[in-house]
Number of protein chains: 2
Amino acid sequence: MARARITIRLKPTVLDTQGAVVKTALHSLGFDGVLDVHMGKSIQLDLEAGVGRSEVEAMCRQLLANPVIEDFEIELTDGANA
Amino acid sequence: MARARITIRLKPTVLDTQGAVVKTALHSLGFDGVLDVHMGKSIQLDLEAGVGRSEVEAMCRQLLANPVIEDFEIELTDGANA
């Protein structure tokens with residue numbers, strides 16, 4: 001079985017309002033060493049053997065990510081076809 | 001500047017309803033090679049130099065994760081104190 005880990009983040013030019021709120025909350029808890037917070041999604045897919053990176057990229061473009069405002073990174077492990 | 005990447009996932013015993021919905025959606029798009037989907041959060045923290053793993057763990061326990069139903073993984077880079 002192959003496994004893909006997909007990390008989805010807002011593009012750097014898009015305002016991360018959730019991250020700004022979390023940063024303020026961390027400061028109010030006394031964690032003053034936090035300079036910035038970027039929120040994102042992490043999706044783990046368990047895949048049949050033989051599913052390759054190009055198919056996972058298609059899943060990201062068609063459903064998992066919003067390519068207008070988000071970037072995605074794919075990490076394949078356990079015998080997936082790169 | 002140090003950087004921490006935190007991945008937060010539901011504990012394996014907790015039902016991942018969002019993942020089940022995404023799996024069904026991927027199948028309906030024709031991606032039949034998807035066996036299972038696990039949804040999670042990815043948080044990137046930019047930190048002042050000197051902030052260590054124990055402090056990031058405290059942030060996770062106090063605010064970022066729900067330790068009752070979620071596990072978290074911390075990956076420190078760029079000169080953070082392990």
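Glu70(B) sits in strand E3 of chain B, which covers residues 70-77. Strands here are DSSP runs of at least two residues, helices (H or I) are runs of at least four, and both are numbered from the N terminus. The model is predicted: local features need pLDDT of at least 70, side-chain atom pairs count only at pLDDT 80 or more, and totals for chains, interfaces and linings use all residues. Residues are numbered from 1 along each chain as its sequence is written, chains are lettered from A and ligands numbered from 1 in the order in which they are written, and side-chain values use heavy atoms, with hydrogens and water left out.

Is Glu70(B) buried or exposed? Glu70(B) counts as buried, because its relative accessibility is 13%. Buried means under 20% relative accessible area, exposed means over 50%, and partly exposed lies in between (1.4 Å probe, protein chains only). A polar atom of the Glu70(B) side chain lies 2.7 Å from the backbone nitrogen of Asn66(B). Leaving out residues up to four places away in sequence, Glu70(B) touches Ile8(B), Arg9(B), Leu10(B), Lys11(B), Lys41(B) and Ala65(B). Contact means heavy atoms within 4.5 Å.

## Where the two chains meet

Chain A puts 34 residues into the contact, and chain B puts in 34 residues. The area buried between chain A and chain B is about 3000 Å². Carbon and sulfur atoms give 61% of that area. Buried area is the accessible area (1.4 Å probe) that two parts lose on being put together, summed over both.

Across the interface of chain A and chain B, 14 residue pairs are in polar contact, both residues being at pLDDT 80 or more. A polar contact is a pair of N or O atoms within 3.5 Å; within protein, one must be able to donate a hydrogen and the other to accept it, and residues adjacent in sequence count only if both atoms are side-chain atoms. On the side of chain A that touches chain B, at least two residues come from each of strand E1 (2-10), helix H1 (17-28), strand E2 (34-47) and helix H2 (53-64). Which of these elements gives the most? E2(A) does, with 14 residues. The residues on this side of chain A divide into 18 nonpolar, seven polar and nine charged. Ala, Val, Leu, Ile, Met, Phe, Trp, Tyr, Cys and Pro count as nonpolar; Asp, Glu, Lys and Arg count as charged; the others, Gly among them, count as polar.

## Strands side by side

Two strands pair if DSSP finds at least two bridges between them. His38(A) has Gln44(B) as its bridge partner in E2(B). Val37(A) stands opposite Leu45(B). E2(A) is largely enclosed by the rest of the structure, because ten of its 14 residues are buried.

Within chain A, E1(A) and E2(A) pair over eight bridges in the antiparallel sense. Ile6(A) has Ile43(A) as its bridge partner in E2(A), and Ala2(A) has Leu47(A). E1(A) also joins E3(A) through eight bridges, again antiparallel. There, Arg5(A) stands opposite Glu75(A).

## Salt bridges

Side chains of opposite charge can pair when their charged atoms come close. A salt bridge is a side-chain nitrogen of Lys or Arg within 4 Å of a carboxyl oxygen of Asp or Glu. Over all chains, the count comes to seven salt bridges. How many salt bridges cross the interface of chain A and chain B? The rule finds one. Glu73(B) and Arg5(A) meet in a salt bridge through their side chains, at 4.0 Å from N to O. Glu73(B) is partly exposed, with a relative accessible area of 44%. Arg5(A) counts as partly exposed too, at 28% relative accessibility.

Lys11(A) and Asp71(A) form a salt bridge at 3.3 Å, N to O. Lys11(A) lies in the loop between E1 and H1 of chain A and Asp71(A) in strand E3 (residues 70-77), so the pair ties together parts that are 60 residues apart in sequence. Lys11(A) is partly exposed at 25% relative accessibility, and Asp71(A) is partly exposed at 36%.

In chain B, the side chains of Asp46(B) and Arg3(B) meet in a salt bridge at 3.1 Å, N to O. Asp46(B) is in strand E2 and Arg3(B) in strand E1 (residues 2-10), 43 residues apart. Asp46(B) counts as buried at 7% relative accessibility, whereas Arg3(B) is partly exposed at 27%.
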